[in-house]
Amino acid sequence: MLVALEKVAPLPLQAGFDNAGLQVGLTEARVSGALLCLDVTEAVVDEAVATGCNLIVSHHPLLFHPLRRISEEDYIGRCVIKAIKNDIAIISMHTNLDAAQGGVNFKIAERIGLVGVRFIGEEKEADGVKGSDGVMGVLPAAMDEEEFIMLLKERFNVDCVETNEPLRRQVSKVAICGGAGSFLLDEAIRRGADAFITGEMKYNTFFDHGGQILIAVLGHYQSEQFTTEIFRSILEEAGVKTVTTSVVTNPIRYI
């Protein structure tokens with residue numbers, strides 16, 4: 001299954017800090033079913049067992065850093081132990097899927113109906129697949145900022161969107177970098193985007209952009225929540241039964 005996923009998002013497209021690809025287990029085993037998720041948690045591994053899936057495909061890698069030991073003292077160790085005991089393999093497609101043509105950023109663009117979507121940021125290519133840091137497209141019709149924010153709330157099912165001071169102008173060109181994408185903000189401004197959508201942004205980054213661009217921060221989990229739809233499309237085309245997790249793995253609560 002790693003082969004099918006890598007055809008869409010080759011591992012060389014991942015960022016240097018990342019650890020996408022096989023996390024736990026064997027890839028040559030016959031796949032009884034694939035559980036699709038953003039994050040691997042103990043509840044997700046339990047769900048894989050309960051649904052008869054011997055493969056978990058996640059967006060965020062379970063193993064970002066080398067393990068000095070595997071024990072039950074943290075959730076990562078507990079997940080690894082539980083997965084091995086139950087013969088469950090874990091594969092993660094992270095920044096390689098963020099970057100790839102048709103990947104996470106394209107999915108976000110699709111959710112809000114952008115047309116003419118193209119890459120922005122540093123472009124690269126691996127195994128014939130092009131990728132980049134982010135994308136930019138155009139709304140079918142320009143809309144007021146308030147209307148645009150309401151569109152984001154509806155399409156991503158969020159109660160609020162973090163923004164800077166409204167510019168009191170219409171939004172047409174929209175730049176996107178899902179997850180932690182604030183590093184692409186200046187590039188979006190240089191490209192003439194009216195709005196920039198990302199998943200999280202540091203407090204200080206909101207400064208010094210008055211009158212330049214509308215910033216719209218959805219939340220990291222919220223910006224990437226439809227990534228499982230990409231997984232499902234790839235794996236079902238490869239003849240694999242898929243189950244989308246029912247576990248909400250967002251660790252942040254909004255009270």
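Visitor: Is Asn157 buried or exposed?

Guide: This is a predicted model, so read everything here as computed from it. Asn157 is exposed, because its relative accessible area is 68% and the cut-off for exposed is over 50%.

Visitor: Where does Asn157 sit, and what is its phi?

Guide: Look in the loop between helix 6 (145-155) and strand 7 (162-163). Asn157 has a positive phi there, about 50°, although it is not a glycine.

Visitor: Which loop holds Asp127?

Guide: Asp127 is in the loop between strand 5 and strand 6. Its phi is positive too, about 50°, and Asp127 is not a glycine either. Asp127 counts as exposed, at 67% relative accessibility.

Visitor: Let's turn to pockets. How does one find empty space in a model?

Guide: You roll a probe the size of a water molecule over the atoms, and that shows where empty space is left. In this structure, the largest pocket has a volume of about 690 Å³. It is lined by 35 residues, and the closest to its centre are His60, His94, Asp98, His220 and Glu224.

Visitor: Which elements give two or more residues to that lining?

Guide: Helix 4 (95-99), strand 5 (115-126), strand 6 (129-144) and helix 8 (220-224) do. Helix 8 has the largest share, with four residues.

Visitor: How many of the lining residues of the largest pocket are nonpolar, polar and charged?

Guide: The lining has 16 nonpolar, 13 polar and six charged residues.

Visitor: And what is the volume of the second largest pocket?

Guide: About 440 Å³. Its lining has 19 residues, and those nearest its centre are Val158, Leu218, Gly219, Gln222 and Tyr254. Helix 8 turns up here as well, giving the most to this lining, with three residues. By class, you get nine nonpolar, seven polar and three charged residues.

Visitor: Now a helix. Which residues of helix 2 are buried?

Guide: In helix 2 (residues 42-50), the buried ones are Val44, Val45, Glu47 and Ala48. Viewed down the axis of helix 2, they fall within an arc of 155°, so they line one face of the helix.

Visitor: What covers the buried residues of helix 2?

Guide: The cover includes strand 2 (34-37), strand 3 (55-58) and helix 3 (75-85). After helix 2 comes Gly52, with a positive phi near 75°.

Visitor: Can we try the arc idea again? Which residues of helix 9 are buried?

Guide: Helix 9 covers residues 227-237, and its buried residues are Thr227, Thr228, Ile230, Phe231, Ile234 and Leu235. They are on the same side of helix 9, because they cover an arc of only 150° around the axis. Just after helix 9, Gly239 has a positive phi of about 85°.

Visitor: Which strand holds Thr242?

Guide: Thr242 is in strand 11 (residues 242-244). With a relative accessible area of 14%, Thr242 is buried, because the cut-off for buried is under 20%.

Visitor: What does the side chain of Thr242 pair with?

Guide: The side chain of Glu236: a polar contact of 2.9 Å joins the two. Setting aside neighbours within four places in sequence, Thr242 is in contact with Ala34, Leu36, Arg232, Leu235 and Glu236. Of those, Leu235 is one of the buried residues of helix 9.

Visitor: Where is Ala109, and is it buried or exposed?

Guide: Ala109 is in helix 5 (residues 104-112) and counts as buried, at 1% relative accessibility. Leaving out neighbours within four places in sequence, Ala109 is in contact with Leu114, Val117 and Ile176.

Visitor: Last one: how far apart are Val138 and Thr228?

Guide: In sequence, 90 residues; in space, 25 Å, C-alpha to C-alpha. Val138 lies in strand 6 and counts as partly exposed, at 28% relative accessibility. Not counting residues up to four places away in sequence, Val138 touches Gly113, Leu114, Val115, Ser172 and Lys173.

Note on methods. Residues are numbered from 1 along each chain as its sequence is written. This is a predicted model: local features need pLDDT of at least 70, side-chain atom pairs count only at pLDDT 80 or more; totals for chains, interfaces and linings use all residues. Side-chain values use heavy atoms; hydrogens and water are left out. On a 1 Å grid over the protein atoms alone, a cavity is a set of points where a 1.4 Å probe fits but cannot get out, and a pocket is an open set with protein on both sides within 12 Å along at least five of seven lines; lining residues have an atom within 4 Å of a point. Grid points are joined across faces, edges and corners, and a volume is the space filled by probe spheres set on the points. Ala, Val, Leu, Ile, Met, Phe, Trp, Tyr, Cys and Pro count as nonpolar, Asp, Glu, Lys and Arg as charged, and the others, Gly among them, as polar. Buried means under 20% relative accessible area, exposed over 50%, partly exposed in between (1.4 Å probe, protein chains only). The arc is that of the directions from the helix axis to the C-beta atoms. A polar contact is a pair of N or O atoms within 3.5 Å; within protein, one must be able to donate a hydrogen and the other to accept it, and residues adjacent in sequence count only if both atoms are side-chain atoms. Contact means heavy atoms within 4.5 Å.
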